[in-house]
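This report looks at a handful of residues, one after another, and asks where each sits and how much of its surface is open. Please keep the sequence and the structure at hand while reading.

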Amino acid sequence: MPLYLLKTPLEIFYELASTLKDYLKQVVDLLRDIGIVDIIDILFVAFVIYTVIRIIRDTRAFQLLKGIIFLLVLYAIVSILGMEASSYIFKEIFKNILIILIILFGPEIRNVLEQMGKGAYRRGFKSLFGNGVNDVDMKKTIDAVCKACTAMSDDKVGALIVFENETMLGEVIASGSIINASPSSILIENIFFPKSPLHDGAMIIRGSQVYAAGCILPLTRDNVSSSLGTRHRAAIGMSQESDAVIVVVSEETGQISVAQNGSLERDISSGQLRDILEQEFMPTDNKSDDRFLKRLIRRNK
């Protein structure tokens, strides 16, 4: 019989207190020898942990993270109590923790890296060199999309248009056909004409060009309203996996919707669509400073 089963609760408490006292003593000894480099190191690790938690706090990964923390606490307890069998199991689990994390958090790890990359891009290259798209050309593209969406909305023609942002969509583009043409409302309407071979897929706009069509988008895994069709589910899924802005025209109702950052803004007008696209892709004249506030005000109306 294990020795810890023969101990009284008071003896176990004294052992825990003694172990905690030893740990605190070690911490105090470490603090005495701490230097400037150590402080910077601690602050950097804290910043990384804070950034990761901030990014994943609204995802299922945050629940998994809390489960892992709970396992760590259990591991500490069984180790202190000398429970060899339980300690062995936990030790084997945490020995392969890196592989387990990659398997469990694959999409979330990619999202964290993308968020960090986008932040660096905004603060660095984009501020120095711009986004590489001429505002005049971008305005023509937005005009063409808004005009085409209005016409398709009136005729109840379904459409799915993806505006590529900072996250490159090479894998999605590979699933469709490359067009790389200057945008026009006629071209967009022809692509989504019901008898067109590309009308069922998504159109990708890269920069100010209609770059590809007939592309397959990932569907959202979230529970959404049963009134939403495949196009809307694909739009939400694409917005969850990238920073793209996705425009949807409903084939059943003719309503225009926009998906961004995992949320869907439904039944908007052509003017609202133009406002959203211009605020996202033409953030000049200080539009970028208040674009998120305007979006929130519009959603709450």
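Helices, of at least four residues, and strands, of at least two, are DSSP runs that are numbered from the N terminus. In this predicted model, the helix called α11 covers residues 230–241, and Ser239 has its place there.

**A buried serine and its contacts**

Is Ser239 buried or exposed? Ser239 counts as buried because its relative accessibility is 2%, and buried means under 20% relative accessible area. If its neighbours within four places in sequence are left aside, Ser239 is in contact with Ala244, Ile246, Ala259, Gln260, Asn261, Gly262 and Ser263.

Asn261 counts as exposed, at 57% relative accessibility, since exposed means over 50%. Most residues other than glycine have a negative phi. Asn261, however, has a positive phi, near 55°, and Asn180 has a positive phi too, near 50°. Asn180 has its place in strand β2, which covers residues 177–181, and Asn180 is partly exposed, with a relative accessible area of 46%.

Ile53 is partly exposed, with a relative accessible area of 33%. Along the chain, Ile53 and Leu65 are 12 residues apart, and their C-alpha atoms are separated by 9.2 Å.

Which residues make the nonpolar surface patch of about 770 Å²? The patch is made by Val27, Leu31, Ile34, Ile36, Ile39, Ile40, Ile42 and Leu43. The elements that give two or more residues to this patch are α1 (9–32) and α2, and the largest share, five residues, comes from α2. Leu43, one of the residues in the patch, is found in helix α2 and is exposed, with a relative accessible area of 57%.

**Accessibility side by side**

The table below gathers the values for the residues discussed above.

| Residue | Relative accessible area | Class |
|---|---|---|
| Ser239 | 2% | buried |
| Ile53 | 33% | partly exposed |
| Asn180 | 46% | partly exposed |
| Asn261 | 57% | exposed |
| Leu43 | 57% | exposed |

Notes. Residues numbered from 1 in each chain as written. Predicted model: local features only at pLDDT ≥ 70, side-chain atom pairs only at ≥ 80, totals over all residues. Heavy atoms only, no water. Buried < 20%, exposed > 50% of the residue type's maximum accessible area, 1.4 Å probe, protein only. Contact = heavy atoms within 4.5 Å. Patch = residues over 30% accessible without salt bridge, like charges linked within 9 Å, V, L, I, M, F, W, Y side chains within 5 Å. Areas by Shrake-Rupley, 256 points an atom, 1.4 Å probe, with all protein chains shown as cover. Salt bridge = Lys/Arg side-chain N within 4 Å of Asp/Glu carboxyl O.
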